[in-house]
Amino acid sequence: MGEWKKGEMEGYGKVTIEEGEIKSYEGNFSDSDYDGFGTCLYKDGSIYEGNFIKGERNGKGKYTWKDGAIYD
């Protein structure tokens with residue numbers, strides 16, 4: 001679900017991923033990379049809410065582990 005531009009994910013959207021450590025991502029995309037504010041749910045149950053640049057966590061964010069521990 002989301003916006004596309006020239007075959008690339010662009011703007012706001014949500015993606016569910018079958019492989020790797022990430023289960024889903026909802027937020028902003030640029031050239032199919034996570035870019036801007038978003039929420040990433042990991043397969044181990046942890047969650048990151050914050051800023052991304054070119055698919056990498058960057059800047060201000062909040063990481064919550066499955067056991068409830070939080071790094072903000």
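Two strands pair if DSSP finds at least two bridges between them, and the strands themselves are DSSP runs (E, at least two residues), numbered from the N terminus. This is a predicted model, so local features need pLDDT of at least 70 and side-chain atom pairs count only at pLDDT 80 or more, while totals for chains, interfaces and linings use all residues. Residues are numbered from 1 along each chain as its sequence is written, and side-chain values use heavy atoms, with hydrogens and water left out.

Q: How do you know that strand 3 and strand 4 pair?
A: Seven bridges join strand 3 to strand 4, and the cut-off is at least two, so they count as paired. They run antiparallel, with Gly27 opposite Gly38 in strand 4.

Q: What makes strand 4 and strand 5 a pair?
A: They share six bridges, again antiparallel. Thr39 sits opposite Glu49 of strand 5.

Q: Why is Thr64 called buried?
A: Buried means under 20% relative accessible area (exposed is over 50%, partly exposed in between, with a 1.4 Å probe and protein chains only). Thr64 has 19%, so it's buried. Its place is in strand 6 (residues 56–64).

Q: What does Thr64 touch?
A: Ser46, Ile47, Ala69 and Ile70, leaving aside residues up to four places away in sequence. Contact here means heavy atoms within 4.5 Å.

Technical notes
Helix = DSSP H or I, 4+ residues; strand = E, 2+ residues; numbered from the N terminus.
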